[in-house]
Amino acid sequence: MSDASPSPNPWCLSRIILIIWMLLPLPVAAQGIEHTETLLQTGQRLYQQGNYEAAIPPLETALEQINAPFEQGMTWANLSLVYQGLGDWENAQNALSQAKLLIPQLSESSQKQRLQAQVAEVQGKLYFSLGQGENALLAWREATTAYQQQKDSQGVIRTQLHQSRALQHLGQFRHALKTLKPVIVQLSHQPNSLTKIQAWQELGTLIRVVGKVDGLPSVTTSEGDYLDQAEAILQHSLTLAQQLPHPETEAEILLSLGNTAQARYYQLKDEYQRVPRGNNRPPQQVNSYQNALNYYQQVIALNYTPLLTIKAQLNQLQLSLELATRRTEPKVAENAPNVQDTIEQLMAQFPRFLEQLQDLPQNQQSLNSQLNLMLNWLNYYQTISPNQLSENSQLLADFLQEINQKAQQINDSYLVAKSYYELSRLYQLSGSLSQAKYWNQKALLVAEREQDDYTLYQVQWQLAKLLTAEQKTAAAITAYEETIKTLDQVRYDLISLEKSDVRFLFRNDIEPVYRELLELLLLQEDSNKSQTQLSGYTRLEKAKNYTQKLQVAELEDYLRCQLQLANHIPLDQLIQKHQLKTTSIYSVVLPEDLVLLVKTPESPNLKYYSVEISKQELEKKVSEIRNLVFQGKESRNAQIYQELYNILIEPIEPALKESNTETLVFVLDSFLQNLPLAALYDTKSDQYLIEKYSLALNLGLNLLDESPLAAQDFNLLIGGLSESYSNSKPLPYVTQEVEQLTRNFPESQLLYNDEFTEENLQTTVNENPFPIVHLATHGQFSSRVEDTFLLAADQKINLNEMSQVIQRRGETFSQAIELLVLSACQTAIGDRRATLGLAGVTVQAGAVSTLASLFKIQDRSTSQLMAEFYQHLRQEEISKAEALRRAQLALLQNTETQKPYHWAPFVLVGNWR
């Protein structure tokens, strides 16, 4: 399976999903001459068997015997298809030109329309094979119109299916789905046919890109995610293909099923990297790996065409190599099968694979498979057998240059750029940086010219790495910045879809670019003194900005949308505008250091602090303090509370004191977002951090610049569940919590237990501009969108529904929710990125700020803290952050609730004023 791309490059779809092209049946014209008809039928039969060379003589002989223009035109169009099968593009176009010349000679309108339709359809296939997606789409639209004029429903359906493929080629996936759905609906009422099978197969592969699709004829259940739906649809198409039967289509569908199982593997891998405690993930990953291999083995066993068989074998190898790189991962290794035998068996067949591919017509499909073969070969040497790379590097280089030359001959810009890029990568791995840069520059020129953003970002990223290796730090920083500009466009194209190709993962393809740039920016000295130096101030400002951009990029990837935050301003600009006694602290986790960038209110410049601690050690300490706080085992003198205070706060404390800071706003990196900051403990002053400062979190987002809550604004919408719903545990102290709130704020509106439904919540929010929404119910924040929810009496309100339930009030009221309080919610246990869910809820609700807890605590403690919080919040000149601080101190000073477990998990996200 090829790499993913959202680019409008004509071959982009081949890098995202498998294109299915079923050969058009040759329409045999009635001749009245038995011998001529037999020749045409023989040509059609040989063509459908893939024996293209043998199909030419009978068709050419038939042409010599045909005198009627219509029959001649149809036969020329058929001959063009045969030449296309051979990859003989010149003769294919010549044959079509001969067919076109015969159209004006036809006087009968029906024959003229039919020949026009056939010629346009075949012309579209030729354009498509040459990678000219726009031209193919126009030709197939012309064919559809001609078939409609003839009232040829099958021709209309067939060419609409072609249009869907062309639109996918061009990256217009939503439009492709819009074109394909009516075809599916029409075909569902018709008998089984090759076109019907193709359409279902196309839909199954398309769903892997656009996500779950509603309103389809019933072949799947509503349960499961988009991959479940894709698999069910492909299984349906497989059943239809086996009934026909049609072995080539069956092999294509099995290949697509294997790719769907591979997609599941990558999905589970991504989840496991975020939630390593999910003990079921490693076996599930291995099961998905094995399922993919089983489907590929079935394709190999059918052995219908060399190209399909080799695709299946290369996909097997690609996935096996991926799993082999994770041999040392805990829980993955112990559940993984022995993939080494599979890898070695396939590697032994590489010379035969290459010979078979070179014997095929040299079109895009065969050249793409040749390039895929080279990539697997290179990846094998890189990951499994690096010692063999040097002795085989020239052989690989020769093959890649040969592919490049053939790609230039058929004007395939994607393959040209990609083969240049892989040549550069080969020389980079071989240690020849000058050669690597030479081929990188050639790839860069082609990708820029063709506006192929996916390839361009990869090439720019590689250039940045090459410059880094040459210790040209300033130039490397510029290259990384250009990479991120292109990468942003790639991300925005992908997140316009509900689901992108799963092999384009945030953790693999986006985050490393930012982190490599941050590491360069935070180096104290440029090792190449001849390079133009970036000033320390510029570097730190850039590092701060890219730290925030990284967090926004991750949140956009999580929410599957581009955040358009109108009327929002940057954190430091907000502090400066209102002259707040607030210090912002940006953390960057590097492999061996923690860097803190600090902006105090009296200084225009950032201050730089570095603590020598490995990422692994720091993450271990964060996990340890979370466990201690959660279990309530330790109090004031816990050593880990002191250690993390010394790491995060002690280095910057002189600057905090000098600037008379009252509030700390943390922009925390990665797993640090899970840290209960309030519990950090200073042994010198014998104080928790919350005893010194008000605290707030910012997750990289700009902030709504709203005025602080005034006394007259205390009008609450209160929702609460105290009883058990959906097998949840009852929350008895919610009753006390909502009674206190309704007593203190009598103008508030209450939705309690059975009344707290999704519909009632949506209606109430839309009818009244409540500045505060307080929800006392079970909920969870997770790095998996599907696992982030709030519990209502009738159902779970998941993250995707949140904006529909709460934020829709923006259609009626201009005022945003000033404060969203989520009482009794928690982050998912063991989830490194669970605060993505908290940020997601805040964004989806359109809230200025959100108060929630990092993990579940006693509902009695929550009730007490909420009562204290609102009591202080009503006071004049008290910010939300200070009100939360005083509420936490009230629990800290109570002997029954003094342990951090009762008060430390609460965090304020967003505007703290």
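1. Leaving aside neighbours within four places in sequence, Leu680 is in contact with Ile625, Tyr641, Leu644, Tyr645, Leu648, Ile649, Leu675, Gln687, Tyr688 and Leu689, where contact means heavy atoms within 4.5 Å. Leu680 is also one of the residues that touch the most other members of the largest nonpolar core, together with Leu594, Phe666, Tyr870 and Trp912, in a core of 297 residues. A nonpolar core is here a set of buried Ala, Val, Leu, Ile, Met, Phe, Trp, Tyr and Cys residues joined through side-chain atoms within 4.5 Å; buried means under 20% relative accessible area, exposed over 50%, and partly exposed in between, with a 1.4 Å probe and protein chains only.

2. This is a predicted model, in which local features need a pLDDT of at least 70 and side-chain atom pairs count only at pLDDT 80 or more, whereas totals for chains, interfaces and linings use all residues. Residues are numbered from 1 along each chain as its sequence is written, and side-chain values use heavy atoms, with hydrogens and water left out.

3. On confidence, the protein averages a pLDDT of 85, and 90% of the residues score at least 70; pLDDT is the predictor's confidence in each residue, from 0 to 100. Over residues 525-533 the pLDDT is below 50, and this stretch has 17 contacts in the model beyond near neighbours in sequence. Residues 1-33 likewise stay under 50, and for them the model has 131 contacts beyond four places in sequence. Where pLDDT is low, the predicted coordinates should not be read in detail.

4. The overall secondary structure comes to 35 helices and 17 strands, these being DSSP runs numbered from the N terminus, with helices (H or I) of at least four residues and strands (E) of at least two. Of the 913 residues, 61% count as buried. Among contacts between residues at least 6 apart in sequence, 70% join residues at least 24 apart.

5. A second, separate core has six residues, including Ala120, Ala146, Tyr147 and Val156.

6. Helix α11 has 28 residues and reaches 41 Å from its first C-alpha to its last, close to the 40 Å expected, where the expected span is 1.5 Å times one less than the number of residues. Because 26 of the 28 residues of α11 are buried, this helix is largely enclosed by the rest of the structure. Helix α21 (residues 453-469), with 17 residues, spans 24 Å, close to the 24 Å expected; 14 of its 17 residues are buried, so α21 too is largely enclosed by the rest of the structure.

7. The peptide bond from Leu244 to Pro245 is cis, with omega near -20°, and Pro245 lies in the loop between α10 (226-243) and α11 (247-274). Just after α21, Gln471 takes a positive phi of about 65°. Asp686, in the loop between β6 (681-682) and β7 (687-688), has a phi near 55°, a positive value in a residue other than glycine, and at 42% relative accessibility Asp686 counts as partly exposed. Ser726, which is not a glycine either, has a positive phi of about 55° and lies in the loop between β10 (716-720) and α29 (733-744).

8. Two pairs link separate parts of the sequence. Val765, in helix α30 (residues 758-767), is buried at a relative accessible area of 2%, and its C-alpha is 6.3 Å from that of Ile806, 41 residues apart in sequence. Glu71, in helix α3 (residues 69-86), is buried with a relative accessible area of 12%; the C-alpha atoms of Glu71 and Leu115, 44 residues apart along the chain, are separated by 9.0 Å.

9. A search of the whole structure finds six cavities of 30 Å³ or more. On a 1 Å grid over the protein atoms alone, a cavity is a set of points where a 1.4 Å probe fits but cannot get out, and lining residues have an atom within 4 Å of a point; grid points are joined across faces, edges and corners, and a volume is the space filled by probe spheres set on the points. The second largest cavity has a volume of about 100 Å³. Of the 13 residues that line the second largest cavity, Leu677, Leu695, Phe906, Val907 and Leu908 are the closest to its centre. The elements that give two or more residues to this lining are β8 (694-697), α34 (880-892) and β17 (906-910).

Key: 1 Å grid on protein atoms, 1.4 Å probe; cavity = no way out; pocket = protein on both sides within 12 Å on 5 of 7 lines; lining within 4 Å.
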